[in-house]
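Let's take a walk through this one together. Keep the viewer open and click along as we go.

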Amino acid sequence: MSGKKLDPLETIKENSRFLRGTIAEGLKDTLTGAISDDDNKLLKFHGSYQQDDRDVRNERRKKKLEPAYQFMVRVRIPGGVATPEQWLVMDELAHKYGNGTLRMTTRQTFQMHGILKKNLKQAIREMNEALMTTLAACGDVNRNVMCNPNPYQSDVHAEVYEWAKKTSDHLLPRTSAYHEIWLEDEKIIDTKEKNDSEPLYGPTYLPRKFKIGFAVPPSNDVDIFSQDLGFIAILNDGKLEGFNVAVGGGMGMTHGDPKTYPQLARIIGFCAPNQVIEVAEKVVSIQRDYGNRANRKNARFKYTIDARGLDWIKNELNERLGWDLGEARPFHFDHNGDRYGWIKGDGKWHLTLFVQSGRIKDFDGYPLMTGLREIAKIHQGEFRLTPNQNVIISNVTDEMKGKIDELVEKYHLTDGKHYSALRRNSMSCVAFPTCGLAMAESERYLPTLLGKIEEILDDAGLREEEIVIRMSGCPNGCSRPALAEIAFIGKAPGKYNLYLGGSFTGDRLACLYRENIGEEEILASLRPILLQYAKERQEGEHFGDFVIRAGYVEAIHDGRDFHKATALN
Ligand code: SRM
Ligand code: SF4
């Protein structure tokens, strides 16, 4: 990095005394609902973002009021596993301090929006009392580790989940600032701060966020190729042999900036289960040392790797490990979505419920939040948040299954089977009104758009055809749209880029098909393609494969081609 001016955030981190800044002081300032800009950046490492309600931003500006500041808090639950007690705590806190809703994120955790500054400390404290930390849920560190939550392959699943959890724990920051700011009654500047150190991260942490996922084939629900570091479980005779190691995936880009692009992680080798943590630590250390600290737009691990090449990363990693990764082993993915309804595995029942866009609230005639709360009150197993923003009521005994079913029926919860297969395979990010980066609606609009696309599907006889569709309100790609068969990425209010041609298994990037179009044009663009697909698809051919074969878009296997590839007609 020599000779290049560091991004200002590097200095903020360096001077923050291991993420303290003046957050504790800022929380006490009652004159404003906000905290300082520098503290805002540090707050992310503690799992919270300052936001404002964008629906009322203009109105408040006209009235010369400060924006309606509020905080989003994200917990960190590796693999998305939460106990019923934890579910009840999140539900209660959402009502007590948040906006009365909960959100299951695309990385299998909970988010809560709308918390006022005066309640932030207490909210985080109560989450910690329920054994859910928010530390490192955001920020330039390793984030919530994802893991296939489907318990039907139970033994291997349990084993892989344990590795995901251990990896997550191992990569947590070590600063005592978190405890001091959120969990102590009075801030005591004692020897703890002087003794703080970050053996892995160092005082400036990573150049950018870092994401790890564990997949258990044939399911690629964690979208392994979108992760900075992915571990793909390799099974032999039903036993876990180890993991293929994939590096350098990521979804974010900036519209019109070809130096930024979504990228697929690439497989560089194989390791045994007990080598996972060491591999993860060394990979993170490489990004710590080589990631771009001058330009945050080019700082993700994918750019570090693409700048130097795959051979470089393999050699650097082998050198740091002191041993060589093995040859990658064969594996096969057959989907990246969720499988709904009841399944039996390991003598227990597991029910995957559909939750549109991961938003948990009581809708008119569909009291989802109440229903899940009532289930949590009697459930003796776990809740598993899926990477597709759905929830599994997991580990249910034969005796309890009937009782859960009664509640499902009473509160009109759904396994999604009466929806179109398109809707069951949909995801959308938060976007308006809380996301400060949103350019267009996503969560609030996708359900309506789906309804209109479903009319086309009905005309084409494709209602039961599984097609992966995703929407993001901006090119950061929080719903991993670049991997979808049909994707919308927001450009401006009501305007989206339409991408086609991601694969059903999540291993190919979608290609730009139409730019900056509104609803009418979206429907007009999709209709003929869907009708043609219905008529001309080959046996078992997925929509994403068809649009490439039929010549609508190019197939993209490397993010560096993302901006070059074009619609072909
Ligand atoms: Fe994200 C930033 C929401 C998963 C790529 N993301 C944001 C922020 C915090 C906006 C901000 O920086 O001010 C959004 C907060 C919105 C809100 O009101 O809550 C936000 N991201 C989300 C969530 C909640 C979307 C959701 O609907 O579930 C997901 C939380 C995941 C979690 O539990 O940790 C979420 N974000 C993702 C994913 C998907 C994933 O990780 O599997 C991606 C693409 C993968 C990747 O990282 O490459 C993603 N988010 C981004 C980016 C682009 C990063 C980049 O490399 O350019 C940003 C912006 C940034 O970092 O500068 C961002
Ligand atoms: Fe916000 Fe953009 Fe992420 Fe959607 S994709 S949540 S609009 S940052």
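How many aromatic pairs does a search of the whole structure find? The search turns up 22 aromatic pairs, where rings of Phe, Tyr and Trp (its six-membered ring) pair if their centres lie within 6.5 Å, and planes under 30 degrees apart count as stacked, over 60 as edge-to-face and the rest as tilted. Before going on, some ground rules: this is a predicted model, in which local features need pLDDT of at least 70 and side-chain atom pairs count only at pLDDT 80 or more, while totals for chains, interfaces and linings use all residues. Residues are numbered from 1 along each chain as its sequence is written, chains are lettered from A and ligands numbered from 1 in the order in which they are written, and side-chain values use heavy atoms, with hydrogens and water left out.

Back to the rings. Trp-87 and Phe-110 make an edge-to-face pair, 5.3 Å centre to centre with 75° between the planes. Trp-87 belongs to helix α5 (residues 84-96) and Phe-110 to strand β5 (residues 110-115), so this pair links distant parts of the chain, 23 residues apart; helices (H or I, at least four residues) and strands (E, at least two) are DSSP runs, numbered from the N terminus. Both Trp-87 and Phe-110 are buried, and buried means under 20% relative accessible area, exposed over 50%, and partly exposed in between (1.4 Å probe, protein chains only).

Next, look at Phe-225 and Phe-333. Their ring centres are 6.1 Å apart and their planes sit at 80°, so this pair is edge-to-face as well. Phe-225 is in the loop between β7 (212-215) and β8 (229-236), and Phe-333 is in the loop between α12 (310-321) and β11 (341-345), so the pair ties together parts 108 residues apart in sequence. Phe-225 and Phe-333 are both buried. Elsewhere, ring pairs join Phe-45, Tyr-201 and Tyr-205 into a cluster.

Now for some helices. Eight of the 11 residues of α13 (residues 368-378) are buried, so this helix is largely enclosed by the rest of the structure. Among those buried residues are Leu-368, Met-369 and Arg-373.

Finally, the cysteines. UniProt lists Cys-429, Cys-435, Cys-474 and Cys-478 under "binding site" (unreviewed entry). They are spread over 50 residues of sequence but cluster in space, with a largest C-alpha distance of 11.0 Å. UniProt positions are given in the numbering used here, feature names are shortened, and annotations may be inferred rather than shown by experiment.

Which of them is buried and which partly exposed? Cys-474 is buried at 9% relative accessible area, Cys-435 is partly exposed at 23%, and Cys-478 is partly exposed at 48%. Cys-474 lies in the loop between β19 and β20, and Cys-478 is found in the loop between β19 (469-472) and β20 (486-492).

The residues surrounding ligand 2 include Cys-429, Cys-435, Cys-474 and Cys-478, with a heavy atom within 4 Å counting as near. That shell divides into eight nonpolar, four polar and no charged residues; Ala, Val, Leu, Ile, Met, Phe, Trp, Tyr, Cys and Pro count as nonpolar, Asp, Glu, Lys and Arg as charged, and the others, Gly among them, as polar.
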